[in-house]
Amino acid sequence: MISAIKRKLQSIKVYLYSLYWQAARLSWRVLPLRILPDIRNHHYSIGITTYLDRYETLFKPFLLQLLKIFPETEIVVTVNGHYHTSAQMLYLENISSFLKQFPNVKVITFVEAQGLSKLWNLLILNSSNERVLILNDDLEISPLFRRDLEKSGILSERIAVINQSWSHFMISREIVNLVGWFDERFPAIGNEDEDYESRLVLKQVELVFFHLRSIKAILTIPVTYSYGE
């Protein structure tokens with residue numbers, strides 16, 4: 001009896017979660033160009049990593065959503081290189097032209113593929129603020145994301161991970177000064193987060209975890225990465 005009730009409650013929870021995201025997707029279509037007033041945020045920057053194969057399907061719609069709720073927050077974008085050089089050069093022209101229209105967006109581009117550690121380090125290095133919220137480009141947010149972020153307490157932490165995943169985390173310069181940069185000897189994607197967690201433990205720094213309902217990963221399996229198949 002008790003397990004049946006638990007299963008029922010879990011089903012209701014899943015259903016309500018699905019309704020939340022359906023409403024969020026619908027609301028983006030009807031909301032004005034800028035949801036929040038132009039109040040410059042001096043406390044944190046946003047950093048995004050992206051690459052060629054995700055430009056139209058993931059990066060562009062995600063960035064436009066962010067700009068609606070963070071209209072003047074500094075956003076730093078690292079554009080990874082790609083093994084298909086001719087396609088990469090055309091892509092760099094397109095993405096650079098697209099980003100020029102947003103004065104609060106900085107962009108750093110590469111022709112050849114770089115390790116994720118290097119891209120993360122560059123996001124931190126090129127931000128103007130003490131804290132950087134680093135995001136993958138394969139994420140989905142609701143219009144309530146900024147409200148939830150700023151009310152959560154995460155911006156008072158030195159380092160914190162959202163929803164148990166390094167797809168979205170906040171890091172401060174204080175932590176970089178104490179623990180160091182992400183290890184750029186990892187050549188591609190993987191291990192840089194586990195390595196950093198180990199180094200945090202060695203420095204006796206607590207990694208804080210936050211749950212935010214208003215952001216989630218879009219579960220995609222890439223056919224290729226910047227490095228090839």
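Biologist: Which residues do ring pairs link into a cluster?

Modeller: Trp120, Trp166, Phe169, Phe182 and Tyr196 are linked in this way. Please bear in mind that the model is a predicted one. Over the whole structure, a search finds 12 aromatic pairs.

Biologist: How is such a pair described?

Modeller: In general, one gives the distance between the ring centres and the angle between the ring planes. For Trp120 and Phe182 the centres are 4.9 Å apart and the planes stand at 65 degrees, so this pair is edge-to-face. Trp120 belongs to helix H4 (residues 116-125), whereas Phe182 is in the loop between helix H6 (173-179) and helix H7 (192-202); the pair therefore ties together parts that are 62 residues apart in sequence.

Biologist: What is the geometry of the aromatic pair formed by Trp166 and Phe182?

Modeller: That pair is also edge-to-face, with 6.3 Å from centre to centre and 90 degrees between the planes. Trp166 lies in strand E7 (residues 165-172) and Phe182 in the loop between H6 and H7, so parts 16 residues apart in sequence are tied together.

Biologist: Is Phe182 buried or exposed?

Modeller: Phe182 is buried, at a relative accessible area of 3%. Trp166 is buried as well, at 8%, and Trp120 is likewise buried.

Biologist: Let us turn to the sheet. In what order do its strands run?

Modeller: The general idea is that strands of a sheet pair through backbone hydrogen bonds, in either a parallel or an antiparallel manner. Here seven strands form an open sheet of mixed pairing, in the order E3-E2-E1-E4-E7-E6-E8. Strand E3 (105-109) and E8 are at the edges with a single partner strand each, so one side of each has no neighbour in the sheet. From one strand to the next, the twist averages 20 degrees.

Biologist: In which sense do E2 and E3 pair?

Modeller: Strand E2 (residues 75-79) pairs with E3 in the parallel sense, over five bridges. In one of these, Ile75 has Val105 in E3 as its bridge partner.

Biologist: Which strands does H4 touch as it packs on the sheet?

Modeller: H4 touches strand E1 (44-50), E2, E3, E4 and E7, and its direction makes about 155 degrees with that of E1. H7 packs on the sheet too, touching E6 and E7, with a direction at about 45 degrees to that of E7.

Biologist: What does Ile134 contact, leaving aside its neighbours within four places in sequence?

Modeller: Its contacts include Trp120, Leu123 and Ile124, together with Ser167, His168, Phe169 and Ile171. Ile134 is found in strand E4 (residues 131-135) and is buried, with a relative accessible area of 1%.

Biologist: Which residues have a positive phi although they are not glycines?

Modeller: Gln164 is one of them, with a phi of about 65 degrees; Gln204 is another, at about 60 degrees. Gln164 is in the loop between strand E6 (159-162) and E7, and is exposed at a relative accessible area of 64%. Gln204 lies in the loop between H7 and strand E8 (208-210), and counts as exposed at 76% relative accessibility.

Note on methods: Residues are numbered from 1 along each chain as its sequence is written. This is a predicted model: local features need pLDDT of at least 70, side-chain atom pairs count only at pLDDT 80 or more; totals for chains, interfaces and linings use all residues. Side-chain values use heavy atoms; hydrogens and water are left out. Rings of Phe, Tyr and Trp (its six-membered ring) pair if their centres lie within 6.5 Å; planes under 30 degrees apart count as stacked, over 60 as edge-to-face and the rest as tilted. Helices (H or I, at least four residues) and strands (E, at least two) are DSSP runs, numbered from the N terminus. Buried means under 20% relative accessible area, exposed over 50%, partly exposed in between (1.4 Å probe, protein chains only). Contact means heavy atoms within 4.5 Å. Two strands pair if DSSP finds at least two bridges between them. Axes are lines fitted to C-alpha atoms, for helices over the stretch in contact, and angles run from 0 to 180 degrees between N-to-C directions.
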